[in-house]
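This report describes one protein chain. The model comes first, and the notes follow.

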Amino acid sequence: MAEMGEKKGKLKVTVELEVNEELMGVVKDAMSKASTKIPEMMRRGGENKQ
């Protein structure tokens with residue numbers, strides 16, 4: 001096998017998904033709930049470690 005040098009680059013990938021409206025609503029709802037719960041979970045995690 002040929003050896004490859006240290007070449008670094010970026011690869012941008014765009015993914016297009018088609019989902020039905022009901023699923024999209026569930027995902028949006030879950031994301032909005034998660035965004036409010038994550039900071040609270042982080043605070044609890046910090047308190048438990050101390």
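## Basis

This is a predicted model, in which local features need pLDDT of at least 70 and side-chain atom pairs count only at pLDDT 80 or more, while totals for chains, interfaces and linings use all residues. Residues are numbered from 1 along each chain as its sequence is written, and side-chain values use heavy atoms, with hydrogens and water left out.

## Overall make-up

Helix α1 spans residues 21–49.

Of the chain's 50 residues, 0% count as buried. Buried means under 20% relative accessible area, exposed over 50%, and partly exposed in between (1.4 Å probe, protein chains only). The accessible surface is about 5900 Å², with 56% of that belonging to carbon and sulfur atoms; areas come from the Shrake-Rupley method with a 1.4 Å probe, and for residues only the protein chains shown count as cover.

## Salt bridge

The structure holds one salt bridge, defined as a side-chain nitrogen of Lys or Arg within 4 Å of a carboxyl oxygen of Asp or Glu. The side chains of Asp29 and Lys33 form this contact at 3.5 Å, N to O. Both residues lie in helix α1, four residues apart, about one turn of the helix. Asp29 is partly exposed at 39% relative accessible area, and Lys33 is partly exposed at 46%.

## Nonpolar patch

Leu11, Val13, Val15, Leu17, Val19, Leu23, Met24, Val26, Val27 and Met31 form a nonpolar surface patch with about 1000 Å² of accessible area together. Patches are made of residues with over 30% relative accessible area and no salt bridge; like charges are joined within 9 Å, and nonpolar side chains (Val, Leu, Ile, Met, Phe, Trp, Tyr) within 5 Å. Met24, in helix α1, is partly exposed at 37% relative accessible area.

Terms used: Helices (H or I, at least four residues) and strands (E, at least two) are DSSP runs, numbered from the N terminus.
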